[in-house]
Amino acid sequence: MAELTFNAEVRNKVGKETSKKLRVKKLVPAVVYGKDMTPIHCSLPKAEVEKLRRVNRNALIDLNLADEKYTVLVREAQKHPISSEYEHVDFQAVHMDKPVKVNVDLEYVGSPIGKKSGGIFTVLVKSVKIECLPGKIPQVITLNIDSLDAGESLHVSDIKAENFKMITNPKIAICQVSQVKDEEEEAAATTTAAPAAAAAAPAAEEKKAK
């Protein structure tokens with residue numbers, strides 16, 4: 001079910017100058033594309049496009065355009081570098097019975113057990129690519145990290161795919177708990193070994209001279 005409904009108008013002219021004139025009129029230029037369809041250039045009221053800020057990036061949108069209704073996803077949204085206002089939007093028309101590929105954010109919940117022994121939790125990947133039906137796209141993929149111990153990590157393969165197929169490489173590590181204490185001990189050993197090696201060097205040279 002679509003979360004938003006937009007009303008758009010077809011635009012016959014494209015280009016930077018046309019886009020500038022549209023923005024002056026508080027309109028946002030856009031394009032709709034999809035499989036087996038010719039891309040349609042259109043424009044939408046800026047006030048409507050601003051509603052994208054309050055929904056998930058994979059939200060389904062009903063787009064009324066030229067007496068037709070399209071179910072679309074936002075594929076790319078260009079924003080002004082200073083004002084952050086929407087300047088252009090690319091929509092992909094989808095069919096509810098055909099799978100699509102999208103990026104979904106990962107949400108890590110809980111507190112790793114490894115933190116109790118001094119480990120530091122680090123997020124390595126913030127989103128993954130999946131394939132599923134448009135109506136089955138999850139807002140986020142939640143991962144519980146309570147049992148993650150120091151020196152351990154989670155990989156894409158640890159994500160339980162329910163209503164979707166994983167596209168991202170399963171071997172990629174998505175988060176980890178580093179062993180800080182081991183690193184500190186290794187650093188201390190290196191510091192201790194350095195003076196010993198320095199002291200041994202003259203003795204070795206003296207032995208060679210004899």
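Student: Is Tyr108 buried or exposed?
Tutor: This is a predicted model. In it, Tyr108 has a relative accessible area of 18%. Tyr108 counts as buried because buried means under 20%.

Student: How many aromatic pairs does the structure hold?
Tutor: There are 2 aromatic pairs. One of them joins Phe6 and Phe91, with 6.5 Å centre to centre and 70 degrees between the planes, an edge-to-face arrangement.

Student: Where in the chain do Phe6 and Phe91 sit?
Tutor: Phe6 lies in strand E1 (residues 4-10) and Phe91 in strand E6 (residues 86-93), 85 residues apart, so this pair links distant parts of the chain. Phe6 is buried at a relative accessible area of 0%, and Phe91 is buried at 0% as well.

Student: Why is the pair of Tyr108 and Phe121 called edge-to-face?
Tutor: Their planes stand at 70 degrees, so the pair is edge-to-face, and the ring centres are 5.8 Å apart. Tyr108 belongs to strand E7 and Phe121 to strand E8 (residues 120-123), 13 residues apart. Phe121 is partly exposed, with 24% relative accessibility.

Student: Changing topic, what is the strand order in the open sheet of 4 strands?
Tutor: The order is E10-E7-E9-E12, with mixed pairing. Strand E10 (140-144) and strand E12 (165-166) are the edge strands, each pairing on one side only.

Student: How many bridges join E7 to E9?
Tutor: Strand E7 (residues 100-109) and strand E9 (residues 127-132) are joined by 6 bridges and run antiparallel. Asn103 stands opposite Lys129 in E9.

Notes:
Residues are numbered from 1 along each chain as its sequence is written. This is a predicted model: local features need pLDDT of at least 70, side-chain atom pairs count only at pLDDT 80 or more; totals for chains, interfaces and linings use all residues. Side-chain values use heavy atoms; hydrogens and water are left out. Two strands pair if DSSP finds at least two bridges between them. Helices (H or I, at least four residues) and strands (E, at least two) are DSSP runs, numbered from the N terminus. Rings of Phe, Tyr and Trp (its six-membered ring) pair if their centres lie within 6.5 Å; planes under 30 degrees apart count as stacked, over 60 as edge-to-face and the rest as tilted. Buried means under 20% relative accessible area, exposed over 50%, partly exposed in between (1.4 Å probe, protein chains only).
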